[in-house]
Amino acid sequence: MRHGHPGGRPDRAAPRAFPADGPLVGRRADLDRIDVFLDGIPRHGGPLLLLGEPGVGKTALLAAAASRAEDRGMHVLAVVGAEYRVGVSHGGLGQLVEAVARAGPSSVQADVSADVAVVVAGSGRIGGPSSEPEPEPEPEAVADAVVDLLGRLARQRPALLVVDDIHWLDPASARVFGGIARRLAGRGVGMLCTAREGSEGCFDLGGLPVHDVVPLSDAASEDLLVQHFPALAPRVRRRLMAAAQGNPLALLELPAALSDPQRSAAAAMPERLPLSRRLRSAFASRVTGLPAATRYLLLLAALDGTGDLHVLRRATEGRIALKSLDAAERAQLIRVDEPSGLTFRHPLTRSAVVELSTSSERRSAHRALAQAWQEAPERQAWYLAQAAEAPDEEVAVLLERAAAVLARRGDGPAAVAALLRAAELTPPGPERARRLAEVAYTGANITGDMRDVPRLLRDARHMTPAAGPPAMVTAVAGAAYLLNGPGDIDTAHRLLRDAIALRPEPGDPADTTLTEALHTLLLVCFFGGRPELWPAFDTALAAYPVPPHLLTTTRATFADPARATPSHLTELDASIAQLPQESDPLHIVRVATAAAYLDRLDRCAEGLHRVVAGGRRGEHVTPAIEALFLLGNQAWLTGQWTELGRLALEGLDLCERHRYPMLAWVGRYLLACTAAARGDHRATRELTDRMQQWAGPRRASTVRVYAAHARTLSALGQGDFETAYREATLITRPGTLARHAPHALWTLMDLVDAAVRTGRHRQARDHADAARTAGLHALSPRLAMLVHASAALAAADDDRHPGFQEALAVPGSERWPFDLARIHLYQGERLRRGGARAEARPHLTAAAELFHRLGAAPWAERTNQELRACGIPAPAGPRAGTAVLTPQQREIAHLAAAGLTNKQIAERLSLSPRTVSTHLYQLFPKIGVTSRAGLRDALERLDRQSRSSSPPQGPGDYVG
């Protein structure tokens with residue numbers, strides 16, 4: 001017995017009316033509504049219509065409802081409408097009465113079967129031996145007879161009539177079913193139907209209740225794709241989700257139409273996703289019956305994509321009235337509103353419209369759109385290119401110009417598509433080779449699409465085998481690939497050096513290829529980190545007729561900031577001031593890069609966040625990675641270490657997805673520095689060991705400098721000053737600020753501190769003097785703090801040296817809390833050793849508060865020791881070397897290590913997925929991991945630590 005219904009369960013060996021495929025994803029609210037409906041059938045009965053777009057999952061919900069009804073002990077009677085049977089009069093009614101005849105045990109079946117023949121005969125389907133058909137029955141009379149049958153069946157146990165695709169019932173059956181729906185109340189019979197949006201007028205169901213079946217949420221869409229296609233690459237999954245718009249049929253069918261390399265992102269996806277047979281049937285059926293003029297307008301709108309009705313008017317030159325769109329609007333394919341224009345109700349309707357057209361129709365539509373977009377050259381060029389049937393150099397030139405405009409706007413994928421089409425429209429030869437190389441460069445340097453770069457470069461070289469050395473653009477693309485991909489510094493350097501040396505003299509000032517070559521060579525030299533790499537760059541820059549200001553500025557402020565002049569700073573500040581109006585993501589990142597070592601990233605933050613937002617939309621991945629790490633650099637210096645972890649991990653995820661190992665070391669460097677400052681020395685060691693192992697064979701000296709900086713901080717935190725001195729002097733020798741070693745500015749105070757602690761007072765003084773002589777204090781307020789504090793540190797015997805107070809008096813010193821806390825600590829230590837305990841206490845207290853807030857455990861412990869020496873109880877805080885997690889963070893970490901997704905963790909802990917994500921970003925750097933893969937080992941290590949020592953005191957979480 002179930003739910004008190006007489007008769008108990010039906011025979012479980014009997015087939016279900018609608019076999020269910022399994023649990024439904026993201027349909028909790030819909031199933032709850034269905035449960036309420038089913039629970040009301042024994043007492044009330046009545047109809048319910050599930051209304052939604054094609055493929056939204058109505059049939060799956062109907063199957064789930066049928067299953068739940070059978071589990072409640074109900075009779076389930078199934079009727080399915082089908083487009084190919086819509087002309088069979090009373091076909092739907094015949095399905096119903098046959099289902100009634102089969103329903104229930106034999107005792108009821110015998111009672112009902114006598115009346116079945118009457119109803120079927122009355123419907124006109126069965127006559128006598130005479131060839132004359134029976135007269136058409138009245139729908140109301142037939143409805144009365146069927147309802148009586150259903151009522152008699154329901155006396156044994158409640159019944160549910162399920163009708164799928166009621167809009168495809170034949171007209172006669174539809175009229176009868178309308179009558180049935182109006183008569184079911186109080187008979188213990190429910191009627192659950194499905195219909196497509198816009199088809200409600202095809203049948204009369206007497207205003208029955210409607211439940212709208214809406215598309216799946218983004219989270220549910222992702223869950224569905226992960227369940228059925230776990231090998232989908234993340235960016236492919238995002239593209240499919242954007243196209244499907246929560247439509248389950250589309251989510252399941254679109255991936256199946258892709259090749260395995262396309263699903264794994266090893267091959268590029270098509271511009272227009274192909275529709276499977278089921279999708280084409282679902283989304284195209286209402287298109288094929290439209291008038292020719294309406295279909296042509298829809299084709300124009302689908303290819304144009306703007307929805308601008310003025311474009312459609314211009315494209316047809318007034319020959320087709322926009323009133324022709326009314327038929328498509330009535331069919332629920334589009335929405336038309338004069339202010340906002342035309343929108344397709346579902347993106348796949350747009351795809352279906354294009355797929356149903358012929359190639360000649362599409363070319364004609366593209367020519368018409370080119371005519372309509374004469375005032376927008378980049379759009380016009382694209383339409384002309386799509387209409388072209390043979391190579392056309394004039395159109396290829398227009399497309400190449402359009403690609404440059406699109407790239408400056410930050411739309412990398414559109415720029416790549418335009419360049420590729422331009423290459424296709426170019427006859428084989430040097431010009432096509434150049435354009436293919438342009439595609440490769442844009443992919444490597446903007447869109448983050450490294451997969452096709454080697455093939456494109458290979459095709460470019462094969463197209464001009466007798467041309468001698470590679471063309472400039474080929475060299476630039478190849479060098480960008482070698483730098484960002486394999487990290488082959490020396491080969492990338494040689495490619496660019498030779499190509500630049502072979503360029504015609506004196507060179508074209510407007511030659512953007514040369515500018516890109518020099519920007520790429522600058523990065524190659526920077527990551528190479530060796531003085532011998534720079535002469536080739538400097539020679540080329542000197543020979544440039546009018547070198548761009550940003551190139552000369554970046555050469556000074558980024559490559560060798562210790563020797564930047566006031567004019568360089570003026571040019572840099574002017575470039576930063578123009579960033580709010582700048583849309584080119586590459587330019588924004590390059591200006592911010594020039595600003596990084598001179599502490600001006602805060603003024604670049606708005607532009608960098610715009611670049612990151614574009615990267616999240618897939619418009620320009622490579623600049624977004626660089627922007628994330630530049631923002632992470634700012635977060636490191638300003639003590640926002642939780643935010644740093646989030647930014648670094650997002651950037652590392654992009655590096656992994658798009659295969660950018662070189663850039664990834666910047667993110668790992670930031671995590672290593674944070675781990676070192678917080679006392680997770682094991683994580684620092686693991687990260688820096690990986691840096692050294694990767695950088696060594698590639699001679700990427702800057703990556704080794706990253707490792708040396710993090711190790712210096714780790715050693716200082718542990719009180720291992722000899723190691724700290726050794727690591728710091730790998731970056732620059734004491735008493736010098738080595739050329740092309742910008743990190744020497746950031747490790748200035750570290751080297752002086754380590755030298756003093758190891759008794760190397762002369763080296764400490766020499767280094768502090770070198771910084772002052774170089775004028776570092778004039779480059780930025782933060783560097784002024786470091787210069788003043790280093791001078792005071794180096795004056796080992798002078799506990800009243802003014803340098804500490806000068807450092808603390810720098811305007812805005814609170815913006816750099818880690819540096820500020822260290823300076824307070826150094827002055828407090830000096831005063832305490834000189835016997836001025838009362839004067840030392842405020843400095844030590846301020847340092848302790850800052851270190852505790854940052855979670856800089858080893859530095860907090862060092863400060864606490866000084867406070868105790870001053871007779872003050874030290875405030876509680878995390879112990880050095882211990883990664884402190886809150887109970888909630890620990891639980892989230894264990895669930896993530898077990899393989900649960902953020903959404904699953906959120907549901908289990910009653911949190912939002914965003915909160916779970918934030919906690920993970922916070923705890924990753926604390927325990928020294930950069931992905932979920934390392935969580936299990938890190939947590940086991942923490943558990944061993946907690947078992948072997950008493951729990952740390954103080955608050956469990958520190959937010960910088």
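Biologist: Which charged end sits over the ring of W373, and how far is it from the ring centre?

Modeller: That is R379: its charged end is placed over the W373 ring, 4.4 Å from the centre. Please keep in mind that this is a predicted model. A second case involves R668, which lies over the face of W665 at 4.5 Å from the ring centre.

Biologist: Where in the chain are W665 and W694?

Modeller: W665 is in helix α32 (residues 661-678) and W694 is in helix α33 (residues 681-698). They are 29 residues apart, so the pair links distant parts of the chain. W665 and W694 are both buried.

Biologist: How many aromatic pairs are there, and which residues form a cluster?

Modeller: The count comes to 13 aromatic pairs. One aromatic cluster is made of F526, F527, F558, Y597 and W746.

Biologist: Now the sheet, please. In what order do the 5 strands run?

Modeller: The general idea is that strands of a sheet pair through backbone hydrogen bonds, either parallel or antiparallel. Here the sheet is open, its pairing is parallel, and the order reads β2-β3-β4-β1-β5. At the edges stand β2 (75-80) and β5 (210-212); each has a single partner strand, so one side of each is left without a neighbour in the sheet. From one strand to the next, the twist averages 20°.

Biologist: How many bridges join β3 and β4, and what is the partner of L160?

Modeller: Strand β3 (residues 159-164) and strand β4 (residues 189-196) pair in the parallel sense over 5 bridges. The bridge partner of L160 is G190, in β4.

Biologist: Which strands does helix α6 lie across?

Modeller: Helix α6 (residues 171-183) lies across β1 (46-52), β2, β3 and β4. Relative to β4, helix α6 runs at about 135°.

Biologist: I also want to read backbone angles. What is phi of R699, and is R699 buried or partly exposed?

Modeller: For R699, phi is near 55°, a positive value in a residue other than glycine. R699 lies in the loop between α33 and α34 (701-718). Its relative accessible area is 40%, so R699 is partly exposed. H740 also has a positive phi, near 60°, and is likewise not a glycine. The loop that holds H740 runs between α35 (721-731) and α36 (743-746). With a relative accessible area of 16%, H740 is buried.

Biologist: To step back, how many helices and strands does the protein chain have?

Modeller: The protein chain has 47 helices and 7 strands. Of its 960 residues, 55% are buried. The accessible surface comes to about 39200 Å², and 52% of that belongs to carbon and sulfur atoms.

Biologist: What share of the contacts with a separation of 6 or more comes from residues 24 or more positions apart?

Modeller: Such residues account for 70% of those contacts in the protein chain.

Note on methods
Residues numbered from 1 in each chain as written. Predicted model: local features only at pLDDT ≥ 70, side-chain atom pairs only at ≥ 80, totals over all residues. Heavy atoms only, no water. Phe/Tyr/Trp six-rings, centres within 6.5 Å; stacked < 30°, edge-to-face > 60°. Helix = DSSP H or I, 4+ residues; strand = E, 2+ residues; numbered from the N terminus. Buried < 20%, exposed > 50% of the residue type's maximum accessible area, 1.4 Å probe, protein only. Lys NZ or Arg CZ within 6 Å of the ring centre and 35° of its normal. Pairing = 2+ DSSP bridges. Axes fitted to C-alpha atoms, helices over the stretch in contact; angles between N-to-C directions. Contact = heavy atoms within 4.5 Å. Areas by Shrake-Rupley, 256 points an atom, 1.4 Å probe, with all protein chains shown as cover.
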